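Please keep the structure open while you read, and look up each residue as it is named.

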Amino acid sequence: MRIHLTFLLFLAWIWLSRYRAGGTPGAIQGVLFILALFGCVLLHEFGHAFAARGFGITTPDITLLPIGGVARLSRIPDKPWEELLVAIAGPLVNVVIAATLIFVLHASVALDQITDLESPRAEFLGTLAYVNVMLVLFNLIPAFPMDGGRILRALLAMTMPYVRATQIAAWIGQALAIVFGILGFFVNPLLVFIAFFIFAGAQQEAAMARFRDARR
Ligand code: ZN
């Protein structure tokens, strides 16, 4: 597992911004939340890696970036249903985490271990559950090469040649990346970064699929 330098800078930034707003306790809580969140992102990547291993594909490394994790597979599964299962496995992990957190939260309210949902612990767990739900929804947007886009490519590849399926998924991914990019300017600069990664990633994967097809 590798942790990208920008991720550590991101943690430092969270610490500083929370410190200014709420002192040391606020800073600790902010950093703990980000660590828990990225723990969930890491488990998501392990989900992909675990499913890939089932098809004999190894994962040499997983990198954590401020915008999420990347599991580098030794090869991209070219059988559509293999890619479908590998792509679904990641978001499925976040569904399980969110369901578990919500269950724990409700169980502890029922057991009176926490008296109200306003307690810091309940707020922490509740926010973490919410963020996991958002991770699922975000990852399922069909913006190839994001998980939703991989699912789309796999479904298309079941009815047409792999290269054509990849090209269509890449076009949709790039169109969505442009929408994200424009939206990001008004909403969140992080979205502009993500848009850039999606746009470049879609281009690269489409070229790779064409290259492999030409050599066949
Ligand atoms: Zn994923």
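1. In this predicted model, the site of the zinc ion is irregular, since the angles among its four donor atoms run from 53 to 149 degrees. The protein donors are NE2 of His44, NE2 of His48 and two OD entries of Asp147, and they lie 2.0 to 2.7 Å from the zinc ion.

2. The spacing of the donor residues in sequence is H-x3-H-x98-D. Because histidine 44 belongs to helix H1 and aspartate 147 to helix H4 (residues 147–157), this pair ties together parts of the chain that are 103 residues apart in sequence. Histidine 44 and aspartate 147 are both buried.

3. As for the chain as a whole, it has six helices and three strands, and these elements follow the order β-α-β-β-α-α-α-α-α when read from the N terminus. The C-alpha atoms fill a box of roughly 60 × 35 × 30 Å along the principal axes, and 44% of the 216 residues count as buried. Among contacts with a separation of 6 or more, 61% are made by residues 24 or more positions apart.

4. The domain assignment divides the chain into domain 1 (1–140) and domain 2 (142–216), whose centres, taken over C-alpha atoms, are separated by 23 Å. Domain 1 brings 16 residues to the contact and domain 2 brings 19 residues. The area buried between domain 1 and domain 2 comes to about 1600 Å², with carbon and sulfur atoms giving 70% of it.

5. Which residues have the most contacts inside the largest nonpolar core? They are Ile34, Leu37, Phe38, Leu64, Leu101 and Leu128, in a core that has 24 residues. Helix H1 (5–53), strand E2 (61–65), helix H2 (80–110) and helix H3 (120–139) each supply at least two residues of this core, and H1 gives the most, with twelve residues. If neighbours within four places in sequence are left aside, leucine 37 is in contact with Leu128, Val131 and Leu135. There is also a second, separate core of eight residues, which includes Leu191, Ile194, Ala195 and Ile198.

6. Apart from neighbours within four places in sequence, glutamate 83 is in contact with Ile76, Pro77, Arg150, Arg153 and Ala154.

7. Glutamine 174, placed in helix H5 (residues 162–186), deserves a look as well. With a relative accessible area of 12%, glutamine 174 is buried. Not counting residues up to four places away in sequence, glutamine 174 touches Phe199, Ala202 and Gln203. Glutamine 174 is also 9.0 Å from glycine 201, C-alpha to C-alpha, although the two are 27 residues apart in sequence.

Key: Residues are numbered from 1 along each chain as its sequence is written. This is a predicted model: local features need pLDDT of at least 70, side-chain atom pairs count only at pLDDT 80 or more; totals for chains, interfaces and linings use all residues. Side-chain values use heavy atoms; hydrogens and water are left out. A nonpolar core is a set of buried Ala, Val, Leu, Ile, Met, Phe, Trp, Tyr and Cys residues joined through side-chain atoms within 4.5 Å. Buried means under 20% relative accessible area, exposed over 50%, partly exposed in between (1.4 Å probe, protein chains only). Helices (H or I, at least four residues) and strands (E, at least two) are DSSP runs, numbered from the N terminus. Contact means heavy atoms within 4.5 Å. Donors are N, O and S atoms within 2.8 Å of the metal (3.2 Å for Na, K and Ca); water is not among the atoms, so sites may look incomplete. Four donors count as tetrahedral if all angles lie between 85 and 135 degrees; four count as square planar and six as octahedral if opposite donors are over 155 degrees apart and all others between 65 and 115; anything else is irregular. Domain bounds come from an automatic or database domain assignment. Buried area is the accessible area (1.4 Å probe) that two parts lose on being put together, summed over both.
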